[in-house]
Amino acid sequence: MRKERGWSQDQLSKKLGVSRQTVISIEKGHFDPLLPLAFHLADVFDSTIKDIFQP
């Protein structure tokens with residue numbers, strides 16, 4: 001979703017208020033964010049948590 005919008009990992013990290021390393025870890029599936037960050041991600045992408053994360 002980030003790439004579809006043409007955003008760099010750094011740009012997304014700034015929008016979320018997290019480190020670039022956190023964005024990298026989420027994208028690689030090494031880190032599942034806590035609910036507040038997951039909701040913020042959904043807001044940034046104008047989407048739902050369910051659309052972003054799959055069990």
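Helices here (H or I, at least four residues) and strands (E, at least two) are DSSP runs, numbered from the N terminus. With that in hand, let's start at the end of one of them: α2 is followed by Gly29, whose phi is positive, near 80°.

Before going on, a word on what you're looking at. This is a predicted model, where local features need pLDDT of at least 70 and side-chain atom pairs count only at pLDDT 80 or more, while totals for chains, interfaces and linings use all residues. Residues are numbered from 1 along each chain as its sequence is written, and side-chain values use heavy atoms, with hydrogens and water left out.

**Helix α2 and what covers it**

Which residues of helix α2 are buried? Helix α2 spans residues 20-28, and its buried residues are Thr22, Val23, Ile24, Ser25 and Ile26. Buried means under 20% relative accessible area, exposed means over 50%, and partly exposed is in between (1.4 Å probe, protein chains only). The cover over these buried residues includes α1 (9-16) and α3 (35-44). Contact means heavy atoms within 4.5 Å.

**Where α1 meets α2**

The axes of α1 and α2 come within 8 Å and cross at roughly 105°. That makes α1 roughly perpendicular to α2. Axes are lines fitted to C-alpha atoms, for helices over the stretch in contact, and angles run from 0 to 180 degrees between N-to-C directions. Angles under 35 degrees count as roughly parallel, over 145 as roughly antiparallel, 65 to 115 as roughly perpendicular and the rest as oblique.

On the α1 side, the residues in this meeting are Gln9, Asp10, Leu12, Ser13 and Leu16, and on the α2 side they are Arg20, Val23, Ile24 and Glu27. Sorted by class, the contact of α1 with α2 has four nonpolar, two polar and three charged residues. For those classes, Ala, Val, Leu, Ile, Met, Phe, Trp, Tyr, Cys and Pro count as nonpolar, Asp, Glu, Lys and Arg as charged, and the others, Gly among them, as polar.

Asp10 sits in helix α1, and at 33% relative accessibility it counts as partly exposed. Ile24 belongs to helix α2 and is buried, with a relative accessible area of 14%.

Some pairs that are apart in sequence can be set side by side, with C-alpha to C-alpha distances:

| Pair | Apart in sequence | Apart in space |
|---|---|---|
| Asp10 and Val23 | 13 residues | 8.2 Å |
| Pro33 and Thr22 | 11 residues | 8.9 Å |
| Ile24 and Gln9 | 15 residues | 7.2 Å |

**Two loop residues**

Pro33 lies in the loop between α2 and α3. Is Pro33 buried or exposed? At 14% relative accessibility, Pro33 counts as buried. Leaving aside neighbours within four places in sequence, Pro33 touches Ile26, Ala38, Leu41 and Phe53.

Asp46 is in the loop between α3 and α4 (49-52). Asp46 is exposed, with a relative accessible area of 73%. Although Asp46 is not a glycine, its phi is positive, about 50°.

**Charges over Trp7**

Finally, have a look at Trp7. Arg5 lies over the face of Trp7, at 5.8 Å from the ring centre, and Lys15 also lies over the face of Trp7, at 4.6 Å from the ring centre. A charge sits over a ring if NZ of Lys or CZ of Arg is within 6 Å of the ring centre and within 35 degrees of the ring normal.
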